[in-house]
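Student: Could we go through this structure together? I would like to start with the aromatic rings.

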Amino acid sequence: MIDALNLYELEKLAKEKLPQSAHDYYASGAWDEVTLRENLTAFERIKTHYRVLVDVSRRDMSTTLFGHRISMPILIAPTAFHKLAHPDGELATVRAAGKAGTIMVLSSLSTSLVEDVVRAATGPVWFQLYINKDRGFKRDLVARVAAAGCQALMLTVDTPEWGRRERDVRNNFHLPPGLAAVNLLPSNEQGEVIGQSGAGMGQAFAWMLDAALTWKDVEWLRSLTTLPMILKGICRADDAKFAVENGASGIVVSNHGGRQMDTAPATIEVLPRCSDAVGGRVPILLDGGVRRGLDVLKAVASGATAVQVGRPVLWGLAAGGQAGVEFALGLLRQEFDLSMALAGCTNLETITRDLVTG
């Protein structure tokens, strides 16, 4: 039994169980962590103009993404190294996603093999990736995740270099013996198992990135696969428009959880402009700062098809393994359902822009 009333209390339980370096890796943001805080507080500034005298006795939270019906507009965002939180790692997380009737986006920095994760899944699994300088490796990885059964790719586009996360540098963050980014093996050029050395993320994983990446590389990746390709890391309306024009099947309005460019705007603030630029041509996801079901309502009202949650899933995993992730998703589901009722909404189509002002 997990003794928490909300996701903030769940985080406190997780912090008690996690080593300091693991907690800081999950929780930290870049530089002064301004954007990390803004992702949360921006939701608080949005006001909800609820409707009254609407029959909300029957409510439907379900939606469809790329042909898959999911029970609620809440996905599991790609987050790294789940075995730092619990020995079952990503396998526990994907099982909880299936129980909740939603999608898990598996990180490139997973501590479980993509094949094992897909085998454990009872719902769709998407795969998040970066494009590095070794295009042959990336071509092989795309083929591998497609063969494993992943049903969409999510390309992170806000990471020409790793943001500086000072908590990780201070802690000399690295994976403990026995854990590795197993989908990115073999070892790097120095013969080190990926993730088990280096003073923080920037040194250990710099090989994964390519600072010369452009829209042409998105086109190249698009040519490798027929899987839907979602671009994650959009925070400007013009980039949202470019993404669609360059073949993206969807976008994620995201600032990497405040872990890349500090003082970037909160994602919920830029979501309406990005939504207007896309004009309904592709699905729009949002991540960053979602801690209440009411936040989900505000995101959908502001133009999101669905949201992704990352850190709350990790807190649940640390607090109670699969049951903890189910608990976290269940809390959000219950709060979102209640928020719909209180706002006078019966389904996602009735969650409209006029419900919110910021």
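Tutor: Ring pairs link Tyr-25, Tyr-26, Phe-81, Phe-173 and Trp-315 into a cluster. Rings of Phe, Tyr and Trp (its six-membered ring) pair if their centres lie within 6.5 Å; planes under 30 degrees apart count as stacked, over 60 as edge-to-face and the rest as tilted. This is a predicted model, in which local features need pLDDT of at least 70 and side-chain atom pairs count only at pLDDT 80 or more, while totals for chains, interfaces and linings use all residues. Residues are numbered from 1 along each chain as its sequence is written, and side-chain values use heavy atoms, with hydrogens and water left out.

Student: How many aromatic pairs are there by this rule?

Tutor: The count comes to eight. In one of them, the rings of Tyr-25 and Tyr-26 have centres 6.0 Å apart and planes at 55 degrees, so the pair is tilted.

Student: Is Tyr-25 buried or exposed?

Tutor: Tyr-25 is buried, at 4% relative accessibility. Buried means under 20% relative accessible area, exposed over 50%, and partly exposed in between (1.4 Å probe, protein chains only). Tyr-26 is also buried, at 3%.

Student: And Tyr-50, buried or exposed?

Tutor: Tyr-50 has a relative accessible area of 56%, so this residue is exposed. Tyr-50 lies in the loop between strand S1 (47–48) and strand S2 (63–65); strands (E, at least two residues) are DSSP runs, numbered from the N terminus.

Student: Changing topic, what does Leu-286 touch?

Tutor: Leaving aside residues up to four places away in sequence, its contacts (heavy atoms within 4.5 Å) include Phe-43, Val-252, Ile-268 and Ala-299.

Technical notes:
Helices (H or I, at least four residues) and strands (E, at least two) are DSSP runs, numbered from the N terminus.
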